[in-house]
Amino acid sequence: MKIATWNVNGIRARQAQVQEWIERERPDVVCLQEIKASSDQVPDALCEMEGYWCYWHGGKGYSGVGLHVSKAVAPERPQFSHPEFNYENRIVTTAIGRDAGEVTIASVYVPNGGKDFPAKMRFLEAMEEYALSFQATGRRLVMCGDMNVARTDMDVHPKERKPRAIGQLPEERALIERILSRGLIDLGRAVDPDNDGLFTWWAPWRNMRQRNIGWRLDHVFASASIAARVVSCPVQKDVGTSDHAPVVATFS
């Protein structure tokens, strides 16, 4: 099983890159964020990709998420849905597998918080309640996407560490820890706990990406029983021209 997430920063601008990446990686589940397009604006080649059940949830020029499931793991089209806290087209979920083997996967794009910080905090609080509902019932959950929070100082290059910067604030980090306390594991750190150069976003100036002066904002959070089977969860730093890089989690 392979689950991939990528903030593409505009699906129309990155169409060829996304196609090539999916064809090469062939993830079982593809979570995309910041597609910046309504479903009728998604390029035809991506709207219904061969071999995938595709779901696009966005608006013109802003926000939006995609969630695509390989027909190899879901022979019949799965149901796609939105939790009640869906805001600005920022979350879509689906369940794959059956009975005790069922897993709910969410593609998530947390608000940046620069324009409306309280809205970001409300969204993170709702994510915690959502994760708690799975923990309470023993159901399994994988939340993938751009969480727009760097968990610790280790997740920010020393040159970018700013105690009062949104994305590094103590109250945001506390909410991320509360979400994880609801039975979830941060797979990036579980696999690579000591890597202080593990970043997924770089400001698009001064060759920040080439110099690896970045932040780790894109995450895969998984229920412990799923996390126990993770084999790898690298950041694909050299893929694409978005200011974010894909993260690909592979499970045994």
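1. Axes here are lines fitted to C-alpha atoms, for helices over the stretch in contact, with angles from 0 to 180 degrees between N-to-C directions. Helices (H or I, at least four residues) and strands (E, at least two) are DSSP runs numbered from the N terminus. Helix α4 (residues 170–180) also packs on the sheet, where it touches β8, β9 and β10 (218–223), and its direction makes about 125° with that of β9.

2. Before going on, a word on provenance: this is a predicted model, in which local features need pLDDT of at least 70 and side-chain atom pairs count only at pLDDT 80 or more, while totals for chains, interfaces and linings use all residues. Residues are numbered from 1 along each chain as its sequence is written, and side-chain values use heavy atoms, with hydrogens and water left out.

3. Now the sheet itself. The six strands form an open sheet in the order β5-β6-β7-β8-β10-β9, with mixed pairing; two strands pair if DSSP finds at least two bridges between them. The edges are held by β5 (80–81) and β9 (184–186), each with a single partner strand, so one side of each lacks a neighbour in the sheet.

4. Which strands flank β7 in the sheet order? They are β6 and β8. Strand β6 (residues 91–96) runs antiparallel to β7 (residues 103–109), joined by six bridges; T93 stands opposite A106, and I91 opposite V108. The two strands form a hairpin with six residues between them, and G97 in the turn has a positive phi of about 85°. With β8, β7 pairs in the parallel sense over seven bridges, V103 having R140 as its bridge partner.

5. Is β7 buried or exposed? Seven of its seven residues are buried, where buried means under 20% relative accessible area, exposed over 50%, and partly exposed in between (1.4 Å probe, protein chains only). In a regular strand the side chains alternate between the two faces of the sheet. Here both faces are covered, with V103, I105, S107 and Y109 on one side and T104, A106 and V108 on the other.

6. S63, in strand β4 (residues 62–70), is worth a look too. At 2% relative accessibility S63 is buried. Beyond its neighbours within four places in sequence, its contacts (heavy atoms within 4.5 Å) include E34, R90 and Y109. R90 in turn lies over the face of Y109, at 4.7 Å from the ring centre; the criterion is NZ of Lys or CZ of Arg within 6 Å of the ring centre and within 35 degrees of the ring normal.

7. Finally, the aromatics: there are six pairs, counted for rings of Phe, Tyr and Trp (its six-membered ring) with centres within 6.5 Å, where planes under 30 degrees apart are stacked, over 60 edge-to-face and the rest tilted. F85 and Y130 are edge-to-face, with centres 5.9 Å apart and planes at 65°. This pair links the loop between β5 and β6 to helix α3, 45 residues apart. Y130 and F134 are also edge-to-face, at 5.0 Å and 65°. Ring pairs link F85, F123, Y130 and F134 into a cluster.
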